[in-house]
Number of protein chains: 4
Amino acid sequence: MVSPLILINLKTYQEGIGGSAHRIATAAENVAKESGVTIGVAPSFMDLRPLSTHFSIPVYAQHIDGITPGAHTGYILPEAVKLAGAHGTLINHSERRLTLADIEAAVAAAKRLQLETVVCTNNVATSAAAAALAPDYVAIEPPELIGSGVSVSKADPEIIRRSVEAVRGVRDDVQVLTGAGIQSGDCVKIALDLGTQGVLLASSVVKADDPAAVLRELVSLL
Amino acid sequence: MVSPLILINLKTYQEGIGGSAHRIATAAENVAKESGVTIGVAPSFMDLRPLSTHFSIPVYAQHIDGITPGAHTGYILPEAVKLAGAHGTLINHSERRLTLADIEAAVAAAKRLQLETVVCTNNVATSAAAAALAPDYVAIEPPELIGSGVSVSKADPEIIRRSVEAVRGVRDDVQVLTGAGIQSGDCVKIALDLGTQGVLLASSVVKADDPAAVLRELVSLL
Amino acid sequence: MVSPLILINLKTYQEGIGGSAHRIATAAENVAKESGVTIGVAPSFMDLRPLSTHFSIPVYAQHIDGITPGAHTGYILPEAVKLAGAHGTLINHSERRLTLADIEAAVAAAKRLQLETVVCTNNVATSAAAAALAPDYVAIEPPELIGSGVSVSKADPEIIRRSVEAVRGVRDDVQVLTGAGIQSGDCVKIALDLGTQGVLLASSVVKADDPAAVLRELVSLL
Amino acid sequence: MVSPLILINLKTYQEGIGGSAHRIATAAENVAKESGVTIGVAPSFMDLRPLSTHFSIPVYAQHIDGITPGAHTGYILPEAVKLAGAHGTLINHSERRLTLADIEAAVAAAKRLQLETVVCTNNVATSAAAAALAPDYVAIEPPELIGSGVSVSKADPEIIRRSVEAVRGVRDDVQVLTGAGIQSGDCVKIALDLGTQGVLLASSVVKADDPAAVLRELVSLL
């Protein structure tokens, strides 16, 4: 049996860059070792290489562009992300939406480079659409739960259940992550019970006084 | 049996606005009556109301935004497009790409308003993804054929055939249009033989000296 | 002496499309005639032609793209806006931001077509930058006032005064509009006293039970 | 007297990432030492930290977003770029256009962090507009020269001369770079004679078999 994935998005929080990114990664690595659960981090682009060099946990880019090497000043070249040691990448996060054509090109580029892909979506229909692009994961982020402090289990577990079904209906080799509404170990357990293979979370870990303690609680029921 | 759809995109060509749009619509209406084939036009937003008022053919917007009434200065409100008499709308044309979330929102808004939806896509994978959003049509525009003057039949008919299959694999109630590479009546016939329900074309009609003659030739083998 | 400009942005409000747009335009035309003040409306693209045909007041597009005739499906061609009878256009509204290169191209296209240009900006520095493009008007919309219900005079009149100075410092033939924070005739008077040549407003007129009464009050101190 | 600036944009060329970025930076550092001319490099985000750590030349980001720390997944936080050791940043490169509001916010953020700013523009009017934002440099890239292989001196030196004048007319403390059309040491000399303080170039160095030889020739007439 494969471990569930706890993926921590460091966003562009002040608490998630430079030395602070190392602090989160240290907590993630420690709790991953203790618990046997896979815990990944998605830092800023500048922190990809240092984190992938110094830590044994999987490191993800927060975004890649669906481009090939060439004249694309200021864009995120998948080859450069791979070279920096990334294990995978988020694509189409709710804060960094892409066109359908660009999502497809980004997933295709990542596959060529053996980067794991996590495509974010906002509802059942877009989850099914994303599944058709055959990423490794679809992370469903219901807009009403993003940054709300409301638990996915109490809000509307049906959207997660129906997203899993919709994804399975299109391709049964695509896994699903619960991308919002994760407040505690209870939420993580419910997310898995609903048929998802893990969770994507951010501020609850990144802004914690003791990230390791928060992570320990999150994996406590697995 | 339902007629195939010949959909003429007037783009922002000088030959496709104002009085010139009426000229194209007149040709389309005449050939539609003669042949019994459904011929639609997609003019500029300013020409939606005049064309839908003066002609009996279906008129399409070239784009809508997936918004609801409110503070969205400069955007295309689906309700306003409907009110102007549109029969349907293009969504995500290769020249006006949208995020996946916006495509979904635009399709959903159009459905609420009973506007027919034609979602444009660029390859097999994005066609399958678009199908998951349940539009009326997916129009596949292989990038290598757009504006190339190359016929779809001679270039790569396989991409059309595989797109039809991919769309059917996701939803069997979504129809497919061949969105590029249509040069002649032969091309239209091949497009239908490949399993699509019509064609989307532009400059070959809009820039023609005699649009009615071009349209007559295009429907001659149907 | 030239009349100040009261410019009503109908946005994509339900109360601002189709027959409701005619209702606002009727009020604007009546109050303009009674008061001698210039009152313009910026409706949806589909309503440009009907309003410019039926009313004597100046009608503005809410946006144009800095393109020339060609293959730009779903974009707003300045030539098509002109052909629909527009007197001018908003450019770079806070809800429809453009790149600097596109603002410049849109202003240049509008000038070629003798469309009046109103470039919206968000602070002193961007107002000076917009002035360098030599539009007819710069409309300053301080973000803290947009849709706030707070009057510009009570909030921070200094940002308006400094924007006027900054615009004058770059080009003295560019006029300035106060683009947010207009609640009453008092606000309009203060806006003019601060050195601007008019106001840009939206919901207070568009969503009013009696738009003519609101407009009468707005121009009452001019 | 201050040295002119030779700024090498590594773009997303295969020859400009990872170990290859070190190869270009080595050449730049050597020629800078030999000649006394300031030579900077703008690598991919992942290479900012390694290059600024290992080399004494100034390292620039290719882009920053005008954001503050917070929830902006996949964006480029100025604070994170600074922390990675960057000396400055390109803003609004022709391949990565920004809205006017975002250019202003990016310049303001960079100033707060003491990052040098190079705002790219495409013509005389946008150069004047960019100058109003008070960046350190405006880099003018005439579209007809970008990647053309045509020398700025032979094509249209007037656009450079008039851009310098337009920038000076708005603010005399903003310097100008010639951002395209640099093929040789002759071009660099002409660029300086036209009143610019340096050049921005890319493929001629990045794709060279011997980048140091190309750089030596470029600075040979200074």
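A charge is said to sit over a ring if NZ of Lys or CZ of Arg is within 6 Å of the ring centre and within 35 degrees of the ring normal. The exercises below apply this and related rules to a predicted model.

**Exercise 1. Charges over rings**

Task: Determine which ring the charged end of A:Arg96 sits over, and how far it is from the centre of that ring.

Solution. 
Step 1. The charged end of A:Arg96 is placed over the ring of D:Tyr75.
Step 2. Its distance from the centre of that ring is 5.1 Å, and the cut-off for such an arrangement is 6 Å.
Step 3. A contact of this kind is also found with D:Arg96, which lies over the face of A:Tyr75 at 5.1 Å from the ring centre.
Step 4. Pairs of rings are counted by a separate rule, which gives two aromatic pairs over all chains.

**Exercise 2. The interface of chain A and chain D**

Task: Describe how many residues of chain A and chain D are in contact, and what area they bury.

Solution. 
Step 1. Chain A contributes 35 residues to the contact, and chain D contributes 35 residues.
Step 2. The two chains bury about 3,000 Å² between them, with 62% of it on carbon and sulfur atoms.
Step 3. Within chain A, the residues that lose the most area to chain D are A:Thr12, A:Met46 and A:Thr73; together they account for 28% of what that side buries.
Step 4. Polar contacts between chain A and chain D number 20 residue pairs, both residues being at pLDDT 80 or more.
Step 5. On the side of chain A that touches chain D, the elements giving two or more residues are helix 2 (48-54) and helix 3 (78-83) of chain A. Helix 3 gives the most, with four residues.
Step 6. Sorted by class, this side of chain A has 17 nonpolar, 12 polar and six charged residues.

**Exercise 3. Salt bridges**

Task: State how many salt bridges join chain A and chain D, and identify the partner of A:Asp47.

Solution. 
Step 1. Side chains of opposite charge can pair when their charged atoms come close.
Step 2. The count between chain A and chain D is two salt bridges.
Step 3. The partner of A:Asp47 is D:Arg49, and the closest N and O atoms of this pair are 2.7 Å apart. The cut-off is 4 Å, so the pair qualifies.
Step 4. A salt bridge can also form inside one chain, as between A:Glu158 and A:Arg161, with 2.9 Å from N to O. Both residues belong to helix 7 (residues 157-170) of chain A and are three residues apart, about one turn of the helix.
Step 5. Over all chains, the search finds 25 salt bridges.

**Exercise 4. The interface of chain C and chain B**

Task: Describe the contact between chain C and chain B by its residues, its buried area and its salt bridges.

Solution. 
Step 1. The contact takes 35 residues from chain C and 35 from chain B.
Step 2. About 2,900 Å² is buried between these chains, and carbon and sulfur atoms give 63% of that area.
Step 3. Of the area that chain C buries against chain B, 27% is supplied by C:Thr12, C:Met46 and C:Thr73, more than by any other three residues.
Step 4. Two salt bridges are counted between chain C and chain B; one of them joins B:Asp47 and C:Arg49, at 2.7 Å from N to O.
Step 5. Polar contact is found for 18 residue pairs across this interface, both residues being at pLDDT 80 or more.

Key:
Residues are numbered from 1 along each chain as its sequence is written. Chains are lettered from A and ligands numbered from 1 in the order in which they are written. This is a predicted model: local features need pLDDT of at least 70, side-chain atom pairs count only at pLDDT 80 or more; totals for chains, interfaces and linings use all residues. Side-chain values use heavy atoms; hydrogens and water are left out. Contact means heavy atoms within 4.5 Å. Buried area is the accessible area (1.4 Å probe) that two parts lose on being put together, summed over both. A salt bridge is a side-chain nitrogen of Lys or Arg within 4 Å of a carboxyl oxygen of Asp or Glu. A polar contact is a pair of N or O atoms within 3.5 Å; within protein, one must be able to donate a hydrogen and the other to accept it, and residues adjacent in sequence count only if both atoms are side-chain atoms. Ala, Val, Leu, Ile, Met, Phe, Trp, Tyr, Cys and Pro count as nonpolar, Asp, Glu, Lys and Arg as charged, and the others, Gly among them, as polar. Rings of Phe, Tyr and Trp (its six-membered ring) pair if their centres lie within 6.5 Å; planes under 30 degrees apart count as stacked, over 60 as edge-to-face and the rest as tilted.
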